[in-house]
Amino acid sequence: MKLAVGDATDDIYDSGVFLEAGSFTSNTATINTAYSHLNYTSTYEGCSSATLTFNFTAPFVGSALFDYTISGSATNGTDYQPLSGSVGVPAGSTSASIDIIPNTDGAAEGPETVIISLFLPCSTQPYATTTVTINDAPNLIASADDNTLCPGQSATLTASGGAVSYSWSPTAGLGSPSSAVTSANPTGDVTYTVTGTTGNCSSTVDIALQRSNLNISGITSSVQCGNSSIDVTVNDGRPGYTYVWNDGPVTEDRLNLGAGAFTITVTDVFNCTTSQTFNIAQPPALIVSGTPTNILCFGGSSGAITTSVSGGSPN
């Protein structure tokens, strides 16, 4: 390129300034994206952010403004803190950075994007670009598929709402305490707390589970001429029991029973059920036998009868 200057009195060029071809070049940059929290690949409203670093191909000779363009579905200054479209670069610097800091607006908008692009002069296509996604702030929700458990049953606990990580406590009885979904098999009543964490934000939700450990025991008396009994005890269930015997009665205990097998089914207020069979045995038949001894002399009293008893119920 040549610049020439002529005076006002003639058309002869008296002086000139010559610049080397290609000496007008722009300092370009690559873009590096770093998120505020390890292993994050996006940002969350009010919880995490991203830093974009422009790494220049050469140091700036003097201080300057480095321009970038902003686009994407997120609104500058509304969905994230305002960006001006340029960043100051001190003399001699080989990098400069900007921060994408999402605002918490409380609206359920779904993922939105911030696109930062770099253009060469007179170019319509960017030579470098990066996209940062902004997610809604997490809204922790947790539930159990069953809050009342019978013997042998477990519940499935589910946490959702957009958190990056979840943790459950206490851990006893849980299958996967650090998963969003875990099985729960507690030995008794318990309240589980799930913590959802996203960046600098965390929240908790409690889920209460109640356990019935319903079981029954009983004592039977032996048959005594149709006067046997069964004394039933219900353990560790939820009161409000109902009783059904296989032969019809709906009482807890039984009286005046003969021999046989008697099965009771107990149901508690959680609709948990358990059954047990009690067997009352028939004693052997009562048998009495005897051996007589005759009197030795007429009118004497030396006679006797020796008896033996078997079967029946000795007591």
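1. A word on what you're looking at. This is a predicted model, in which local features need pLDDT of at least 70 and side-chain atom pairs count only at pLDDT 80 or more, while totals for chains, interfaces and linings use all residues. Residues are numbered from 1 along each chain as its sequence is written, and side-chain values use heavy atoms, with hydrogens and water left out.

2. How confident is the predictor? The score to read is pLDDT, the predictor's confidence in each residue, from 0 to 100. For the protein chain the mean pLDDT is 90, and 89% of the residues reach 70 or more. A contact here means heavy atoms within 4.5 Å.

3. Now the overall build. The protein chain has zero helices and 26 strands. Both kinds of element are DSSP runs numbered from the N terminus: helices are H or I with at least four residues, strands are E with at least two. Of the 315 residues, 29% count as buried. If you take the contacts between residues at least 6 apart in sequence, 51% of them join residues at least 24 apart.

4. What about the surface? The protein chain exposes about 18,200 Å², and carbon and sulfur atoms supply 53% of that. These accessible areas come from the Shrake-Rupley method with a 1.4 Å probe; for residues, only the protein chains shown count as cover.

5. On to the disulfides. A disulfide is a covalent bond between the sulfur atoms of two cysteines. In this note, the test is a pair of cysteine sulfur atoms within 2.5 Å. How many disulfides does the structure hold? It holds two. Counting bonded cysteines along the chain, their pattern is 1-3, 2-4.

6. Take the pair Cys47 and Cys201, whose sulfur atoms sit 2.1 Å apart. The angle about the S-S bond is -105°, and the link is left-handed. Cys47 is in the loop between β4 (43–44) and β5 (50–56), whereas Cys201 is in strand β18 (residues 201–211), so the pair ties together parts that are 154 residues apart in sequence. Is Cys47 buried or exposed? At 4% relative accessibility, Cys47 is buried.

7. The other pair is Cys150 and Cys272, with sulfur atoms 1.9 Å apart. The torsion about their S-S bond is about -90°, so this disulfide is left-handed. Distant parts of the chain are linked here: Cys150 lies in the loop between β13 (148–149) and β14 (155–160), Cys272 in the loop between β23 (260–267) and β24 (273–280), and they are 122 residues apart. Both cysteines, Cys150 and Cys272, are buried.

8. Two further cysteines are worth a look. Cys122 is exposed, at 86% relative accessibility. Cys297 is exposed as well, with a relative accessible area of 54%.

9. Next, the salt bridges, where a side-chain nitrogen of Lys or Arg is within 4 Å of a carboxyl oxygen of Asp or Glu. A search of the whole structure finds two. In one, the side chains of Asp189 and Arg238 meet at 2.4 Å, N to O. Asp189 lies in the loop between β16 (181–184) and β17 (190–198) and Arg238 in the loop between β20 (228–235) and β21 (242–245), so the pair ties together parts 49 residues apart in sequence. Asp189 is partly exposed at 46% relative accessibility, while Arg238 is buried at 18%.

10. Asp247 also forms a salt bridge, with Arg254, and the closest N and O atoms are 2.9 Å apart. Asp247 is partly exposed, with a relative accessible area of 40%, but Arg254 is buried, at 8%.

11. Last, a pair of threonines to find in the viewer. Thr78 lies in the loop between β7 (69–71) and β8 (86–89) and is partly exposed at 48% relative accessibility.

Terms used: Buried means under 20% relative accessible area, exposed over 50%, partly exposed in between (1.4 Å probe, protein chains only).
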